[in-house]
Amino acid sequence: MNQPRSSGNDQTSADTVLVTGATGYIGSHTCIELLASGYDVIGVDNFDNSEAVVLDRIAELAGRPIAFAELDIRDTDALRKVVAEHQPAAVIHFAGLKAVGESVAYPDKYWSVNVGGTLSLLDAIADSAVTKFVFSSSCTVYGDPAEVPVNESTPVAPISPYGRTKLTAEEMIRDILSTRDCSGLLLRYFNPVGAHESGRIGEDPVGVPNNLMPFAMQVAVGRRDSLSIFGDDYDTPDGTCVRDYIHVVDLADGHVAALKALDATDTCEIVNLGTGTGSSVLDVVNAAGEAVGTPIAHQVVGRRDGDAAIVFADTTKAEAMLGWKAERTMADMCRDHWAWQSQNPNGYE
Ligand code: NAD
Ligand code: WQD
């Protein structure tokens, strides 16, 4: 275990956190917030969907580096060596595959990484010093919810292989942690967008973006001609779908709050991480245009299969259990996403 180190905030001792998927979009922002809160980080990633240069940017922004090992989380022996060397007290498990459409085409890959990889990780930390486990789950497990806002008791009904792997991983984690001296939080994120306010790190999708904000920002920067809005005939105020967009730095802060909350519980709980506010596709397109300074070119096309009309979170449990609430506005999300996209028009190069 690392020696406790004083820090400039309420974190009194620096525990080491193992962060899987550390160089990915949410992982990289969380590493920075963990370092700022006095934790030490050992990150792992196989760079399947991220770049090594992210490690330099984390060090630049945080003022100190994370320790890092390049590995595939399905390599249990490699993970076990990392755990033995760094003796983490907690794990935040981001590593995984997240593209809904790809999961339909390659379900075997998704079950292997998202479920097999999670089992490998749980195996690697068995009999270790890890007493806190945080998992990146997704609002996708709710499918098309009958009622909003969505709380943690809303029935789950994932409609893609991706969603089913997330739900299965949740159940597996809960079963296995129940046999160990290890508490857990299964965090169901809504729609993360934005970037570190410096614009030095951000989301860098491979190929054509599946998600709304990255696509809109690639239009703004000239990489794409026009955004297709998937349907304006939904039963919503302006006819376009409504989602709960959350700034990635608020989400990262939610993970720091989660680690602290895990000190006070010995259970494994599900918590939604969203803002509690719904924004329509047109709201996002308009806010993005404001941030960029010119409108985002767009046209309305037909609905995309599988899209729910309205999804947003009930944040009551997150506020009560984590003492955490998202603070950043849609304008902040668009400003910071644009800072990233405009400074890095082609992503990490
Ligand atoms: P990301 O793709 O940017 O990050 C995931 C990281 O995991 C990448 O750096 C990738 O290289 C790494 N990785 C993938 N397979 C690996 C393997 N076998 N071994 C080691 N590393 C591996 O995605 P993100 O947006 O940062 O998402 C992080 C987590 O949050 C994922 O589990 C995702 O399912 C979940 N999540 C994301 C969203 C979202 O919209 N971004 C929403 C809900 C949940
Ligand atoms: C948002 C809205 C689209 C692109 C996804 C995953 C979910 C979770 C969060 C990981 C929808 C519309 C989009 C475009 C559009 N991720 N849209 N034109 O589908 O709410 O959730 O990310 O766990 O699992 O499914 O996010 O950004 O794809 O779409 O009109 O080019 O924008 O129809 O209404 P979604 P999204």
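Which residues does Leu273 touch, not counting residues up to four places away in sequence? They are Leu187, Arg188, Tyr189, Phe190, Ile246, Leu251, His255, Ala318, Leu322 and Trp324, where contact means heavy atoms within 4.5 Å.

## Basis of the report

This is a predicted model, in which local features need pLDDT of at least 70 and side-chain atom pairs count only at pLDDT 80 or more, while totals for chains, interfaces and linings use all residues. Residues are numbered from 1 along each chain as its sequence is written, chains are lettered from A and ligands numbered from 1 in the order in which they are written, and side-chain values use heavy atoms, with hydrogens and water left out.

## Nonpolar cores

Leu273 is also one of the residues with the most contacts inside the largest nonpolar core, together with Leu34 and Leu322. This core has 43 residues. A nonpolar core is a set of buried Ala, Val, Leu, Ile, Met, Phe, Trp, Tyr and Cys residues joined through side-chain atoms within 4.5 Å. Buried means under 20% relative accessible area, exposed means over 50%, and partly exposed lies in between (1.4 Å probe, protein chains only). In soluble globular proteins, nonpolar side chains tend to be buried together.

Helices (H or I, at least four residues) and strands (E, at least two) are DSSP runs, numbered from the N terminus. Helix H8 gives the most to this core, with 9 residues. Another core, of 29 residues, lies apart from it and has Ile42, Val83, Val91 and Cys182 among its members.

## Gly254 in helix H8

Helix H8 also holds Gly254, which is buried, with a relative accessible area of 0%. Gly254 touches Leu322 and Trp324, not counting residues up to four places away in sequence. Gly254 and Thr30 are 224 residues apart along the chain, yet their C-alpha atoms are separated by 8.9 Å.

Strand S1 is largely enclosed by the rest of the structure, because 5 of its 5 residues are buried. Both of its faces are covered: Thr16, Leu18 and Thr20 are buried on one side, and Val17 and Val19 on the other.

S1 runs parallel to S2, to which 5 bridges join it; two strands pair if DSSP finds at least two bridges between them. Within this pairing, Thr16 stands opposite Asp40 in S2. The chain passes from S1 through H1 to S2 in a right-handed β-α-β crossover. A crossover is right-handed if, with the strands pointing away from the viewer, the path from the first strand over the helix to the second runs clockwise. S1 also runs parallel to S4, through 4 bridges, and Val19 has Ile92 of S4 as its bridge partner.

## Aromatic rings

The structure holds 4 aromatic pairs. Rings of Phe, Tyr and Trp (its six-membered ring) pair if their centres lie within 6.5 Å; planes under 30 degrees apart count as stacked, over 60 as edge-to-face and the rest as tilted. The pair of Tyr110 and Tyr162 is edge-to-face, because the ring centres are 6.4 Å apart and the planes stand at 90°. Tyr110 lies in helix H5 (residues 107-124) and Tyr162 in helix H6 (residues 161-177), so this pair ties together parts that are 52 residues apart in sequence. Both Tyr110 and Tyr162 are buried. Trp340 and Tyr348 form a tilted pair, at 4.8 Å centre to centre and with 50° between the planes. Trp340 is buried at 1% relative accessibility, and Tyr348 is buried at 10%.

Charged side chains also lie over rings. Lys109 is placed over the face of Tyr106, at 5.5 Å from the ring centre, and Arg303 over the face of Tyr234, at 3.9 Å. A charge sits over a ring if NZ of Lys or CZ of Arg is within 6 Å of the ring centre and within 35 degrees of the ring normal.

## Backbone features in loops

Most residues other than glycine have a negative phi, and most peptide bonds are trans. Phe47, in the loop between strand S2 (40-45) and H2, has a positive phi near 60° and counts as buried at 18% relative accessibility. Gln87 has a positive phi near 50° and is partly exposed at 33% relative accessibility. A cis peptide bond, with omega about 0°, joins Val148 and Pro149; Pro149 lies in the loop between strand S5 (132-138) and H6.
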